[in-house]
Amino acid sequence: MDLEFGEKYETLRAQARDFARSSWPLQGDEAKLPEREQGILWKERAIAAGFLHRTVPAAYGGGGLEPDVLAETVIRQELDEAGVPHRGSMQGTHMLVPTLLECGTEEQRQAYIRPTLTGVMRWCQGYSEPGSGSDLASLQSRAVVDGDEWVINGQKIWTTQATEAEMMFGLFRTEPDAPKHGGISYLLLSMDTPGIDPRPLQMMQGGLDFCEVFFNDVRIPAANIVGKRGEGWKVSRSTLKHERMLIGDSTGSRKSFEGLLELARNTPRDGRPAIEDPHIRQRIAELEGYVTAREWAVARIISAVAQNDDMKVMDDMLMAKIASTNVTQMTAKIAIDLLGDLGLEEPSGDAIVMGYGGTDAASWVSQYMTSLSGAIAGGSSNIQRNIIGERLYGLPRDRRPEGH
Amino acid sequence: MDFTLTEEQELLQETVRGFVANESPATAVREIFDGERSAKPALWKGLVEMGIAGLTVPETHGGAGLDLLDAALASEVLGHFAVPVPFLEHTLTVTALIEGGGSEQQSHWLPRLANGDALGTVALGEGEDTWQPTHWTARFENDVVTGTKRYVPAAEKAGVFVVGIAGGGLALVDASAAGVTVEPMPTVDRGRPLFTVHFENAAATELASAAAQRVLDAGLVLLAADSFGAADRLIRMTADYANTREQFGQVLAQFQGMKHQIADMAVDVVPTRGMWWYAAHAFDQKMAGAGRAAALAKSHVTDRAQQTARQAVECHGGIGFTWECDVQIWFKRVMQDRLLFGTPERLRENIAATGGW
Ligand SMILES: Cc1cc2nc3c(=O)[nH]c(=O)nc-3n(C[C@H](O)[C@H](O)[C@H](O)COP(=O)(O)OP(=O)(O)OC[C@H]3O[C@@H](n4cnc5c(N)ncnc54)[C@H](O)[C@@H]3O)c2cc1C
């Protein structure tokens, strides 16, 4: 056991820090560009300097380096610390790009990966439907071939960022006679194709981050399929093979823990800061137990992955999502109790956030609600419990009706 | 950065596991709980022969010269099998001597502790949750100790006591000294009995007082590791039971309520492994904040383990509620781990105070 990163990585860390500090914020005329364009400029430079998307092949716009989880960790720590716009969208850089690298054609990789990495091309994920959530493979939106085009009809829902995104990757039923999982294809759509109609849905905290998306005879090129017809389910799961996805990240939970401490310091209770209240201290100290456990679980995963020993940490990997959802929710619950009657005030404007949004009261009210999303989106907590029980403890799969 | 165990550390765990799985099956622990006999001396003797008693004793004094992390890894295995041996108290005696002993004290006791000739134990708390050095009232004056210590593990077999004294220091008392009386007390974990010990002008030598906090910190780490091992075992016992017991024409595990209860137990406990690894490592490296890490690990892991133990009883139904069912053995193991050396609540007071808030 050695918690030092060592000279090689410390050198890299120093370089990442220097780069982050000298490259951001943008200067002069560049600083006057719209926020999004500044982000794109910065990302282009960070990729060129080898600090972003390092392992994506250079031919597709990445750094072309060998995977090195320790290098990625020190770099991410420094970029986080410096507050640069390095975080891409989950959908584009974490889901679509690995999928194309695994299953895409050369043309698809050439066309989509580079602009996705820089943020020029944004993606939304068209999976869920009104009747198909956890049981995603029951989805009904269909695509049929007509000449050299797919014609799509149906509806998606809960599609995050559908109004901003230039593109969608989605799952559509293309083989209606095949069994459930075998009748789906993975298609790529430009969001300005006629017949696509995204309509924002309001979230419980007031935000408009997700949409329902209607498809009415939407025609896209037949070539816009990833993998073969009927293989969409497999394609959509292929990225799961990259277990690195399961490493998780504990920076967020430490950051919001610190935000909670700040809130407890600034919230008066009977004329004294709430943080002096013994009961509050107990709750926060107990929470710190969970936060710390997450941090060392992540460190354990990172170290094992760096040594190609992923199997040894499969338990922590399979628990990463639900454990982090739980910590996020516990933090928000303490925050709302600290706020007391301030929690009655409806958040508006910038305080309508997804996730941890800062130490002000209204952002915490948002977070009290949006911390629930982790238990629903991307494989609900109950689905995680099934996976944990079945894969780690040999418990039987649920009995399902025939065909499911 | 390498937050993994070395091959030697994995081998250490395997070796201990191999031995205790054979020599300390649940049936043997059960005989102790049923009052049919106390722990087989061969069990501790066998561990001593494997070098477990001297794990952290420096090589110059006949030990293996290993770290607290290694001892914690052994604790995990001992907790997993609920092995009824005085490993915690013995190892902490070694810690007290290493951290606070003069060369004479060390060369007298460490070799005896390493080869198992003497068993060491720690007499710290005085009842009513007085585990912190600032709480201790036993008087040490003119080379004798006077006071009463409670919940002292393995006192009846101990050859040497590390005694917490007023002012927050430690004294060393040979168990054969005049004025030492050991009184059994009924305690829940029959595998690791606790005693009340009276010291009445018992001859003693002082240890450097800085050792006191280190002994406690090491104890917190070992208790966290032990309860982690026990909780892991409880989850597996529960999964096995749920996979065999049938109701409504199917195994219990087929019911999702049951499957999810077991998954939640696991999500509570399993991610805490790195926490006590780190606390042990921080102790070994004398890192800033090592004591706080130990308190975080002990309070968190034992709390989660206790909750898991309660769920394990529930998941076993009526049988889980009986003396006859082995779940009670691990339940009580975890209970003792959680309450010894301070409740989570008391530890969290320190966590808050030392966190700068
Ligand atoms: C903030 C947010 C963003 C999202 N973004 C996107 C997106 O960009 N693209 C997209 O395609 N989708 C997105 N989703 C949708 C998300 O993937 C689905 O909500 C999720 O898959 C759950 O499906 P559902 O909502 O239909 O709930 P259901 O599947 O109906 O589940 C309802 C409840 O039943 C439980 N349940 C379901 N099945 C089981 C079972 N087998 N055993 C036990 N319990 C079960 C669930 O745990 C849940 O508590 C988003 C959702 C949220 C909340």
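**Paired strands and a shared ligand site**

Me: What makes E2(B) and strand E3 (residues 144–153) of chain B a pair?
Reply: They are joined in the antiparallel sense over 3 bridges. Two strands pair if DSSP finds at least two bridges between them, so E2(B) and E3(B), with 3, qualify. This is a predicted model, where local features need pLDDT of at least 70 and side-chain atom pairs count only at pLDDT 80 or more, while totals for chains, interfaces and linings use all residues. Residues are numbered from 1 along each chain as its sequence is written, chains are lettered from A and ligands numbered from 1 in the order in which they are written, and side-chain values use heavy atoms, leaving out hydrogens and water.

Me: Which residues of E3(B) are the bridge partners of Arg139(B) and Glu141(B)?
Reply: Arg139(B) has Thr146(B) as its partner, and Glu141(B) has Val144(B). In general, strands of a sheet pair through backbone hydrogen bonds, either parallel or antiparallel.

Me: How many residues lie between E2(B) and E3(B) in the hairpin?
Reply: There are 2, and Asn142(B) in that turn has a positive phi of about 50 degrees. Most residues other than glycine have a negative phi, and most peptide bonds are trans.

Me: What is the phi of Glu128(B), and where is Glu128(B) found?
Reply: Phi of Glu128(B) is near 55 degrees, again a positive value in a residue other than glycine. Glu128(B) sits in the loop between strand E1 (120–123) and E2 of chain B.

Me: What is the omega between Trp24(A) and Pro25(A)?
Reply: Omega is about -5 degrees, and the peptide bond is cis. Pro25(A) belongs to the loop between helix H1 (6–23) and helix H2 (35–48) of chain A. Helices (H or I, at least four residues) and strands (E, at least two) are DSSP runs, numbered from the N terminus.

Me: Why is one side of E2 and of E6 of chain B left without a neighbour in the sheet?
Reply: The order in this open sheet of 4 strands is E2-E3-E7-E6 (chain B), with antiparallel pairing. E2 (139–141) and E6 (180–184) of chain B are at the edges and have a single partner strand each, so one side of each has no neighbour in the sheet. Neighbouring strands here are turned by 20 degrees against each other on average, direction ignored; axes are lines fitted to C-alpha atoms.

Me: How many bridges join E3(B) to strand E7 (residues 194–203) of chain B?
Reply: 7 bridges join these antiparallel strands, and Thr148(B) stands opposite His198(B) in E7(B).

Me: Why is the ligand site shared between chains?
Reply: The residues around the ligand come from chains A and B, so the site is shared. There are 20 of them, with Ser134(A), Trp158(A), Thr160(A), Ser380(A) and Gln256(B) the closest. A residue counts as near if one of its heavy atoms lies within 4 Å of the ligand.

Me: What distance does an oxygen atom of the ligand have to the side chain of Ser134(A)?
Reply: A ligand oxygen lies 2.6 Å from an N or O atom there. A polar contact is a pair of N or O atoms within 3.5 Å, so this one counts. A polar side-chain atom of Thr160(A) is 2.7 Å from a ligand nitrogen.

Me: What gives the most to the shell around the ligand?
Reply: E3(A) does, with 3 residues. Strand E3 (149–160) and helix H11 (381–393) of chain A each supply at least two.

Conventions
Polar contact = N/O pair within 3.5 Å; in protein donor to acceptor, adjacent residues only side chain to side chain. Axes fitted to C-alpha atoms, helices over the stretch in contact; angles between N-to-C directions.
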